[in-house]
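Thanks for coming. I will take one structure today and go through it piece by piece.

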Amino acid sequence: MSSIELKSVEKWFGNVQVIKGVDLAMQEGEFIIFVGPSGCGKSTLLRMIAGLEETSRGQIMVGDRDATAEPPSKRGLAMVFQSYALYPHMTVRDNVAFPLKSAGLPQAEIDAKVNDAARVLKLDAYMDRRPKDLSGGQRQRVAIGRSIVRDPTAFLFDEPLSNLDASLRVEMRYEIAKLHQSLKTTMIYVTHDQVEAMTLADRIVVLDAGQIAQVGSPRELYERPANLFVAQFIGSPRMNVMPCSASGDAYQLDGHRGGAYDRSQQASKLGVRPEHITLGEIGSGQVDGTVDVLEYLGADTFVIMDCGALGQITVRVTGNSELTPGDKVGLQFAQEHLHFFGEGDLAVMS
């Protein structure tokens, strides 16, 4: 187990730069997740760490050695792909044991490592089956088991759950979280699913167009986004954002009342999350609106409001709400949970 550090890492495909000077230090045993929209460079960056993509500039340090020019087989890293890549003619036991047999290890050692992996991943009952007899989640566990037996420096996961249905994704998130707790090995995980990122990561790396937009714990990114991109990417439903003018001791909203402003810099956008808005009588809050659509989800209902020039604003309320489309209500923003953004869409801190 080792730390991994990226130093001014760049990746060019011809004249196109897709990774733009990334600096990132990952500590031993840390669970790091790369997240961002399609095309942001997260999978490319992971493949560069694995050695599957050449690094155009910069350094990749594994522990105290420079691994930038090392082939994948020398880096001591294990990669789990989106596709399971299992041998269909082999049993689960043989699939898990394959990298150890290829390395020429003694049979007794192979058996011990395979049995340990099967126990950790709860595969004991499936060891004599073939991949076609397994569910998608079981196949992914076999693929992970094949990586575990190599005792790698770190695990690299490239969207490993994207082929699974919703219920299996939940199950496998739990399995991967328990695996990290058990092995205490560094894990670097790529996903476009922010739920996976929020529930699994020690720290999240949000990527935007080949650059790091922000690095932090899930709570830090949710409560203190550094810019508008992170604010709207992290959180579901996404943060409501509306134009405002904010300076001095007050902010104003187009056609609505606004409220107190406690920042030193000017702001041009106001953000507020759906759960930080309460509904009341017309005129009781910063904004008035009309109920447009109700999305009932059981414990919660998302109320999509038509707020005129401010556009749509989403509010999270309890699932037993008695609102109906066409109701007119006032929206009260929680002052302590407001986010303001100024020049360059950077967060204005209080």
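First, what we are looking at. This is a predicted model, in which local features need pLDDT of at least 70 and side-chain atom pairs count only at pLDDT 80 or more, while totals for chains, interfaces and linings use all residues. Residues are numbered from 1 along each chain as its sequence is written, and side-chain values use heavy atoms, with hydrogens and water left out.

The chain has eight helices and 21 strands. Both are DSSP runs numbered from the N terminus: helices are H or I with at least four residues, strands are E with at least two. Along the principal axes, the C-alpha atoms fill a box of roughly 75 × 45 × 35 Å. There are 350 residues, and 49% of them count as buried. Buried means under 20% relative accessible area, exposed means over 50%, and partly exposed is in between, with a 1.4 Å probe and protein chains only. A contact means heavy atoms within 4.5 Å. Of the contacts with a separation of 6 or more, 65% are between residues 24 or more positions apart.

Four strands form an open sheet in the order β2-β1-β4-β5, with antiparallel pairing. Which strands stand at the edges? They are β2, residues 16-26, and β5, residues 65-66; each has a single partner strand, so one side of each is left without a neighbour in the sheet. Two strands are said to pair if DSSP finds at least two bridges between them. Strand β4, residues 57-62, is joined to β5 by two bridges, and Met61 stands opposite Asp66 in β5. Helix α1, residues 42-50, packs on this sheet and touches β1, β2 and β4. The direction of α1 makes about 115° with that of β1, residues 4-13. Those directions are N-to-C, on axes fitted as lines to C-alpha atoms, for helices over the stretch in contact, and the angles run from 0 to 180 degrees.

Is Lys11 buried or exposed? Lys11 counts as buried because its relative accessibility is 7%. Leaving aside neighbours within four places in sequence, Lys11 is in contact with a list of residues that includes Val16, Val18, Thr44, Met48, Glu53 and Glu54.

Next, the parallel strands. β6 and β7 pair in the parallel sense over four bridges, and Val80 has Phe157 in β7 as its bridge partner. On from there, β7 pairs with strand β8, residues 186-191, also in the parallel sense, over five bridges. Ala154 stands opposite Thr186 in β8. How many of the five residues of β7 are buried? In β7, residues 154-158, five of five are. In a regular strand the side chains alternate between the two faces of the sheet. For β7, one side carries Ala154, Leu156 and Asp158, the other Phe155 and Phe157, and all are buried.

On a 1 Å grid over the protein atoms alone, a pocket is an open set of points where a 1.4 Å probe fits, with protein on both sides within 12 Å along at least five of seven lines; lining residues have an atom within 4 Å of a point. Grid points are joined across faces, edges and corners, and the volume is the space filled by probe spheres set on the points.

The largest pocket has a volume of about 510 Å³. It is lined by 21 residues, and Leu77, Ala78, Met79, Phe81 and Arg150 are the closest to its centre. β6, residues 77-80, gives the most to this lining, with four residues; α2 (92-102) and α4 (136-148) each supply at least two. By class the lining has 15 nonpolar, three polar and three charged residues. Nonpolar here is Ala, Val, Leu, Ile, Met, Phe, Trp, Tyr, Cys and Pro; charged is Asp, Glu, Lys and Arg; the others, Gly among them, are polar.

The second largest pocket holds about 330 Å³ of space. Its lining has 18 residues, with Glu223, Arg224, Glu336, Leu338 and His339 nearest the centre. β20 supplies the largest share, three residues. The classes divide into eight nonpolar, five polar and five charged.

Last, Gln266, in the loop between β13 (256-260) and β14 (267-272). Gln266 is exposed, because its relative accessible area is 62%. Gln266 and Glu343 are 77 residues apart in sequence and 8.4 Å apart in space, C-alpha to C-alpha.
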